[in-house]
Structures are given as C-alpha cells and as structure tokens.
Amino acid sequence: MTVTTPGSREDTDREQGVPFVSATWLVAEREMTTFLRMKGFWIGLGVLVVGLFALAVLPSVFGGGQTSVAAAGPRAAEALAGAELDVRQVADAREAERLVRAEEVEAAVVPDATGESATGVRVVALTETPSDVVRALSTSPPVDLLEPADVSEGQRQVAIMVFALVFLLCGMGGAAIAQSTVTEKQTRVVEILVATVPVRALLAGKILGHSLLNLGQVVVLAVAAPIALNLGGHERLLSVIAPALGWFVPFLCLGFVLLAAMWAVAGALVSRQEDLGSSMSLAMLLVMGPYFGVMFFSDNATVLTVLSFVPFSSAVAMPVRLFIGQAQLWEPLVALGVLAATVVLIVLLASRVYSGSLLQTRGKVALSQAWARQD
Amino acid sequence: MLRLTTISRSFGDLRALDEVSFDVRPGRMTGFLGANGSGKTTAMRIILGVLAAHGGTVIWQGEPVTQGVRRRFGYMPEERGLYPKMKVAEQIAWFGRLHGLTPEAARANTDRLLEQLALTERAGDKLEALSLGNQQRVQIAAALVHDPVALILDEPFSGLDPIAVETVLAVLRDRAAAGVPVLFSSHQLAVVERLCDDVVIISNGSIAASGGRDELRARYGTARFELVVDTDAGWLRDLPGVRVIELDGPRALFEPAGHSQPGRQVLETALRRGEVRSFTPVVPTLDEIFKEAI
C-alpha cells in the first residue's frame, strides 16, 4: 500500500467491511464482560432498583397514608365524617390530648368551650398545624378546574427528579469509557489493538458495549418502575408516567451515545488514570448541566422548552415536558432528530480526535494536536 | 516475503526514516539492529500500519500490504502491555478472535501456545497475578495466537530470563521453520548474533548494512588470524605485510597490512621456527560489523 495520504488506511478498512463489524462487536463484548464481572456494577444497579421501590412504596415519600385523628364528642365526629382521615373516637378532650401527647395520633378534634369556633370544635396538635385536618374541617368554595392535572405537585417533582437522576447516573456511567480508554493507553495494550483493528472499530465497540450496558440498566429500571408504582398503589401516576417513560428510553439511548463519544475523547487525551480528572471536566459539565437545568427550571416553561431541544439536555428535558403534558407530539420527534444528527456529527469529530491521541502515550495531548495528527 | 521499499517518515523536522529498504525473507530470522532512536520502532510501526509512512511502500508477497493482510501479522510492540485484569487464556483467545479466528480455533491455539510456553497452569489466572517474565511469555502468545503469516517483534527478548529466552526462541524458530518471515529488533548484538540468519543494521534512520549474517561478516570483517606457537611470537612484528593487533607471549592476533595476503607466509615462517599450536581465521563479531557499518 502506498501510504502517502492519511486517508488511505480507511479505504482499505472499507474494502474489508466485515472485519470492522466483527471487530466492533468483539471490543464491545470484552467491555461488557469486564463490567458485568465487576461487583460495583451490580451493587450500583441493586441500589438503584431498591431506591426506586423505596421511593414508590414508602408511603411518606408520596404523602400517602391517612392522618390519624382522635375525635372527642359527637360534634367532632360529625365534623370529621366523610373526611379521608383515620378517625378514632375517644371519650373526652383530656383523653384526646393524652393521645396527641403520646403521639399515638397526629391531631385531635375536641369540642370548643370558648365559643371562638364557628364549627364548635377545636383542633389540638403537638408542634405543627395539621393542615389536612384543618382542610377537612373548613368549608372551601367549589372549584372548577378547566384542565385538571393528572398528578399532584409532589408526584410531579418526584417524577422529574427520577428522570433527571437516571440521566445523571447514565451519563456518569459513561465515565467507564474514559477509564477503559485510559487503561488501554496506560498499559500500552493500545498499540496491539491499533495494529490489529481499525481505530474507529475500537471507538465504536466501546460506545456500543457501554451503551448496551446502560440500556440494559435502563430497561431493568423501566420494568421495575411500573411494578414499584403498582405496589405502592400509584396506578394513576403510572398511567401518566408510562408514555413519558416510553419516550425517555430512545432519548436516553441517543443522549448516552453523545456523551459516550465525549467520554472516549476525555480518556484518549491523557495517558494515566491520575490525569483523567483534568480532561473529564467538559464531559462532566455536559452531564451535570442538563441535570441541574431540568431540576431548577422544571417550573419555567420557556427555559424547559429551550432545554428540550438542545441536544445534550433534550434527553432529559423533553421526556419531562412530555410528562408534565407541555409538549405536542411533533416536539419530541424534532428533538430526537436534532439529537440524532448531533450524535452523528460528534461521533465523527470524536473519532478523529480519538485516533489522533490514542498512540500518544506520554503526558497529556492538546485537543488541537490530536485534531491535527493523522497517523 | 515482506519488503520495505524507500520508506520515509518524519516527525516535525526530525527525519526518523530516510528511504529505508530491506527484505524480511520467509523461513528466516531477521535481526534488526540499531542504537536507541535509530528508527527501528518507527519502521516496525509502519509495517503494522500503526504509523503512516510519508513515502515508500510496504510490500507483502509482491503486492502493497493491505489492512486485511496486516491483521494476519503478529506484532509485539516495544512497550509491552495487555489487559491486567483479564485472565491469561481468555485474553490470548480474545486477541486470536480479534485477528479473525473462530472461537474454537482461538481456544485450541491458545491451549497449544500455553503448553509450548509452559504457562498451562496459569491459564485461569489474571495477567496481573503473573511475574513479569511470565507476562512476557503471555505477550508472545498474544502475538502468535492467530498463526501469523509474518512476525514483527520489537525487542522480544528484553526482560526475559535465560530460560524464558530459550523457550521463546524455540517457539520463534518453530514459526520460522514453517516458512514465516520473522523480523525482530534488538540492541543486544550478542542475541542477534546467535539467533538471526539475516541482519539489517539501521543508523539514524538509514539502512547501514543488510544481508545474510555470514555474508555481512565476509563483507565487513577484515581477514584476521590468530596464531599460537610454542615460544614467543614477537618475530611476527618484523614480517612485512603483517599488522599485529595483539601480542601476548606465544599468542598473536594479526591482519594483513594493505592488500597483501600474508597468511601462507606467516604459517610457513612459524613452522620453520618451531611448533604451531593453532592457526585460525578470526570471524568478526556483529559488534565489529556494527561499529564499522554505522
């Protein structure tokens, strides 16, 4: 082969065709088996699933479970009738107060002796005003909601947090690519790899392997989430969250590939694990940014709309908007298209930088240097 | 046959290789000699396609080498390294598959190589658990697992203990005998001297000498003789056409001065003067060729 132009190696790669695919798969397979054998991987996944179940089933988190109230006297019982409270009848006000002090009930409703109360009852509680008891006793005007929300504010916050958190965990999971790349550089195994398979197959294999690993985890979570919600008695929330969850998976997959390419470059630019911190900051920013952006601006429709189209943050912002019911059907499709186009672009750029820096096993490689180098 | 024709390569202003041409013949061990920084590793990386050449061609069996052909080469880089956390047998087999073997063939070749390299007992251990010498053997196995059509080994014997050198050597000779061209670099002349059939000497990016070991000796070595007699050999100094290099009592090392051929005359004189214990031509070592060539 007359090796006078940088591109000529790729031409021969293309002639071979099949080895590229099989090499990519072999690299991916090795990455996956390595990680599946790590205890940390399983512990991390276990913590996630347990956390999800805890979040859904532990009633206090969703404000579930009824407040227990001691009712003294017939007027109190009458006032509380029909309220969604756990009412215990007691003999008199003193007995009710004793139960409150003993924290056996959260509040007590006793007859009002002073005449201050219009309803003729008083509410006794320990430290805080029991708002749900007060609400049950007061008469509110009827409200007509024109567009009733399907989920409560609390549930909404929790769901947004879960979306953002899964994105964050997945994105950080990509750091494994940087680690595996720098390990290959540090142990010098990279030279044999480069001599054997095209550099692009190496990069593609790493991205594929780790994408499958993360996708597998997302699928586990996506299967566990409905089960957990059902167990916790949140069928209603489930029916709202399910479509958003369906959109979340493709967004997360593409978003992961995008971040994976960034992580791979971060790993290729340095030669030792110790130096990884300095090159990872950009990738970290691109993971943390969308996470905090969505967490902070979940109430700001304008910011959220912008975030839901920007490639890096769209992976989490668009599913959140779908969940809140802000987005039309065309919007996730457009955002997905923008994301896919960015993935292609970034992966191409990354593979050039990756090839240019992979064999530089001494010190840190400047981005410009990696870009210019075509060996 | 593997042939390099006028390969050049620069790094910035530094010309690392300048129109380097040489052959690696099938069935022969070719030693690639040169000081550190003379261009050995760069040339090997270009053969493997790890580095691009700025000019020239690598030819395999008469055709410019392709990536597909390179995949069937075996390569051991100067900077050793494998995956520390992967198990030995698994790792070798994985490299075999990366080179295009089927899983079954990769496993079979791995078992055979581990046997040959006396590593069978360590097959299930993680690489990092092995001693450095054993890790080197695993490295050799990784370069050989796919039955390479050519072997390019950068300093294969550095870091090996004498027993390991013999083990590895036996494996390499085996491959050469099967018709595989083997190119290995070394800065240890004695090693190359003992092992190689052909020698390529590189200096500052240019080939200083190349050819069969014996041919090179004949070409570069001056015809020296060693004479041992039973009395003092001091008379040799007075003989015309003779330049004495070393004189130690009855033993003398000499070479012809100018274009004379004094061997016969020296022997006859010595026999006239008394007993001749020995009279032998001294073959130059590669060390001497090396110093002369560069």
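**Helix packing and the chain interface**

Reply: The axes of helix 13 (residues 281-296) of chain A and helix 15 (residues 311-324) of chain A cross at roughly 25° and come within 8 Å. This is a predicted model, in which local features need pLDDT of at least 70 and side-chain atom pairs count only at pLDDT 80 or more, while totals for chains, interfaces and linings use all residues. Residues are numbered from 1 along each chain as its sequence is written, chains are lettered from A in the order in which they are written, and side-chain values use heavy atoms, with hydrogens and water left out.

Me: Why is helix 13 of chain A called roughly parallel to helix 15 of chain A?

Reply: Angles under 35 degrees count as roughly parallel, over 145 as roughly antiparallel, 65 to 115 as roughly perpendicular and the rest as oblique. The crossing angle here is roughly 25°, and therefore helix 13 of chain A is roughly parallel to helix 15 of chain A.

Me: Which residues make the contact of helix 13 of chain A with helix 15 of chain A?

Reply: Contact means heavy atoms within 4.5 Å. A:L286, A:P290 and A:V294 of helix 13 of chain A meet A:F312, A:S313, A:V316, A:A317 and A:V320 of helix 15 of chain A. By class, this contact has seven nonpolar, one polar and no charged residues.

Me: What makes the pairing of B:R45 and A:E191 a salt bridge?

Reply: The term requires a side-chain nitrogen of Lys or Arg within 4 Å of a carboxyl oxygen of Asp or Glu. The N to O distance between the side chains of B:R45 and A:E191 is 2.8 Å, so the pair qualifies by that definition. Between chain B and chain A the count is four salt bridges.

Me: How much area is buried between chain B and chain A?

Reply: Buried area is the accessible area (1.4 Å probe) that two parts lose on being put together, summed over both. Between chain B and chain A it is about 3200 Å², with carbon and sulfur atoms giving 55%. B:Q67, B:E79 and B:Y83 supply 21% of the area that chain B buries against chain A, more than any other three residues. In contact terms, 37 residues of chain B touch 32 residues of chain A.

Me: How do you know that helix 9 of chain A is roughly parallel to helix 3 of chain B?

Reply: Helix 9 (residues 189-196) of chain A and helix 3 (residues 88-98) of chain B pack at an angle of about 30°, with their axes 10 Å apart. That angle makes the two helices roughly parallel.

Terms used:
Axes are lines fitted to C-alpha atoms, for helices over the stretch in contact, and angles run from 0 to 180 degrees between N-to-C directions. Helices (H or I, at least four residues) and strands (E, at least two) are DSSP runs, numbered from the N terminus. Ala, Val, Leu, Ile, Met, Phe, Trp, Tyr, Cys and Pro count as nonpolar, Asp, Glu, Lys and Arg as charged, and the others, Gly among them, as polar.
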